[in-house]
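Hi everyone, thanks for coming.

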Amino acid sequence: MAPADPAFLLVQHRAALFACVVVVCIWAIFDPGVRRLAAVVAAVSMVSFLVLFWSSGAPASLRSIALVDLAALPLLIAAGCLAYRA
């Protein structure tokens with residue numbers, strides 16, 4: 001993908017949004033007040049990817065990412081429950 005390709009801009013934007021998810025999750029490690037936000041942000045990111053993955057026919061090139069997200073969902077649900085219980 002060439003930098004002049006509009007899809008390149010979208011990929012960069014996606015990377016920036018993912019960096020925001022990572023920053024919020026790391027912030028939540030140190031600040032319990034951010035844990036609810038981090039759980040919601042991570043859930044939106046993971047579930048939206050899985051929905052898009054399946055709605056686009058489950059491309060084989062993205063299967064490993066989808067499997068990791070799917071495997072991590074129970075952990076995220078557990079962490080979210082703890083964040084909302086506290």
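A quick definition before we start: buried means under 20% relative accessible area, exposed means over 50%, and partly exposed is in between, with a 1.4 Å probe and protein chains only. This is a predicted model, where local features need pLDDT of at least 70, side-chain atom pairs count only at pLDDT 80 or more, and totals for chains, interfaces and linings use all residues. Residues are numbered from 1 along each chain as its sequence is written, and side-chain values use heavy atoms, leaving out hydrogens and water.

Let's begin with two phenylalanines. Phe-49 and Phe-53 are both buried. They form an aromatic pair, 6.1 Å centre to centre with 25° between the planes, and it is stacked; pairing requires ring centres within 6.5 Å (the six-membered ring for Trp), with planes under 30 degrees apart stacked, over 60 edge-to-face and the rest tilted. Because they are four residues apart in helix α2, about one helical turn separates Phe-49 and Phe-53. Helices here are DSSP runs (H or I, at least four residues), numbered from the N terminus.

What does Phe-49 touch beyond its neighbours within four places in sequence? Its contacts (heavy atoms within 4.5 Å) are Arg-14, Leu-62, Ile-65, Ala-66 and Asp-69.

Now over to helix α1, residues 6-30, where you'll find Val-22. Is Val-22 buried or partly exposed? With a relative accessible area of 34%, Val-22 is partly exposed. Thanks, everyone!

Methods:
Helix = DSSP H or I, 4+ residues; strand = E, 2+ residues; numbered from the N terminus.
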